[in-house]
Amino acid sequence: MASSKKVIMREEWEKRLNHIRIRKEDMNKLVMNFLVTEGYAEAVAKFRMETGTEPDMDVAMIMDRMAVKEAVQCGNVEDAIEKVNDLNPEILDTNPELFFHLQQQRLIELIRNEKIEEALEFAQEELAPRGEENQSFLEELERTVSLLVFKDVSNCPVRELLDISQRLKTANEVNAAILTSQSHEKDPKLHSLLKMLIWAQNQLDEKATYPRIKDFLKATLENPAV
């Protein structure tokens with residue numbers, strides 16, 4: 001049975017794309033939004049000077065947020081918590097999950113630095129009471145404390161907690177919470193546009209055969225299979 005899908009060849013597709021106009025101003029706003037959300041303060045200032053595009057957040061606020069994120073990434077969790085509270089104490093007061101994850105990261109750093117007694121005391125005094133109130137917190141605490149059971153953490157089933165990726169995960173969670181508190185989206189608009197583009201392409205697949213985007217990074221098209 002012949003396919004009922006419409007076939008659009010590459011030449012026709014590219015001709016249609018060439019008729020679409022995107023304003024430079026809109027592109028600049030997208031770039032600025034990405035730089036602000038990701039926290040590239042110096043790039044924000046430079047891009048502002050070069051294009052005249054105004055950021056929707058003060059550069060000083062971006063630098064303060066990045067100071068928190070960098071503190072977590074370096075393992076200085078106590079400093080990060082202090083900086084968050086200086087920015088807005090309600091962030092941690094109203095987000096118990098985030099506060100628990102920061103405290104969990106503090107415990108991980110104590111274990112990483114082989115401060116075993118201090119780690120056990122911290123877990124008992126600061127994290128155990130929260131675990132009694134929340135089952136998921138308790139499970140996370142048990143996973144973290146299990147690091148202490150293994151002399152060689154390479155054999156530990158939760159050794160990934162000591163990876164730098166765990167610090168990054170916590171740092172990104174804090175970054176998102178700060179952005180939310182500042183009435184700013186957690187992810188750059190570019191991410192949302194890319195998701196919508198992928199969704200639209202998947203929807204179009206059901207109705208037509210056309211040059212799909214083969215590589216989003218390179219913006220290359222594949223020839224339609226006919």
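Reader: Let's start with Cys74. Is this residue buried or exposed?

Author: Keep in mind that we're looking at a predicted model. To read burial, you look at the relative accessible area, and over 50% means exposed. Cys74 comes out at 53%, so that residue is exposed.

Reader: And what about Cys156, buried or exposed?

Author: Cys156 is buried, with a relative accessible area of 0%.

Reader: How many disulfides does the structure hold?

Author: Here's the general idea: a disulfide is a covalent bond between the sulfur atoms of two cysteines. In this structure the count is zero.

Reader: Okay, on to the overall build. How many helices and strands does the chain have?

Author: There are eleven helices and four strands. To judge how spread out the chain is, set its radius of gyration beside what the globule rule gives. The chain has 24 Å, well over the 17 Å that the rule gives for 226 residues, so the chain is more spread out than a compact globule. Along the principal axes, its C-alpha trace spans about 70 × 50 × 30 Å.

Reader: What share of the residues counts as buried?

Author: Of the 226 residues, 34% count as buried. The chain exposes about 14,700 Å², and carbon and sulfur atoms supply 52% of that area. There's also a contact figure to read: take contacts between residues at least 6 apart in sequence, and 52% of them join residues at least 24 apart.

Reader: Which parts of the chain does the pair of Trp13 and Tyr210 tie together?

Author: Trp13 lies in helix α1 (residues 10–18), while Tyr210 sits in the loop between β2 (208–209) and β3 (213–215), so the pair links parts that are 197 residues apart in sequence. Trp13 and Tyr210 are both buried.

Reader: What is Leu221 in contact with, leaving aside neighbours within four places in sequence?

Author: Among its contacts are Trp13, Arg10, Glu14 and Leu17, and also Pro211 and Ile213. Leu221 has its place in strand β4 (residues 220–221). At 18% relative accessibility, Leu221 counts as buried.

Reader: Now for charges. How many salt bridges does the count come to?

Author: The general idea is that side chains of opposite charge can pair when their charged atoms come close. Here the count comes to 14 salt bridges. Take Lys29 and Glu25, whose side chains meet at 3.4 Å, N to O. They are four residues apart in helix α2 (residues 24–38), so about one helical turn separates them. Lys29 is partly exposed at 46% relative accessibility, and Glu25 is partly exposed at 41%.

Reader: Which residues does Arg143 form salt bridges with?

Author: One partner is Glu140, with the closest N and O atoms 3.4 Å apart. Glu140 and Arg143 both lie in helix α9 (residues 135–145), three residues apart. Another partner is Glu160, with the closest N and O atoms 2.8 Å apart. Arg143 is in helix α9 and Glu160 in the loop between α9 and α10 (164–181), so this bridge ties together parts that are 17 residues apart in sequence. Glu160 is partly exposed, with a relative accessible area of 33%. Elsewhere, salt bridges that share partners join Arg23, Glu25, Asp26 and Lys29 into one network.

Reader: Where is Ser183 found?

Author: Ser183 is in the loop between α10 and α11 (189–205). Ser183 has a positive phi of about 60° although it is not a glycine. With a relative accessible area of 72%, Ser183 is exposed.

How values were computed
Residues numbered from 1 in each chain as written. Predicted model: local features only at pLDDT ≥ 70, side-chain atom pairs only at ≥ 80, totals over all residues. Heavy atoms only, no water. Disulfide = S-S within 2.5 Å. Buried < 20%, exposed > 50% of the residue type's maximum accessible area, 1.4 Å probe, protein only. Helix = DSSP H or I, 4+ residues; strand = E, 2+ residues; numbered from the N terminus. Rg over C-alpha atoms; globule rule 2.2 N^0.38 Å. Contact = heavy atoms within 4.5 Å. Areas by Shrake-Rupley, 256 points an atom, 1.4 Å probe, with all protein chains shown as cover. Salt bridge = Lys/Arg side-chain N within 4 Å of Asp/Glu carboxyl O.
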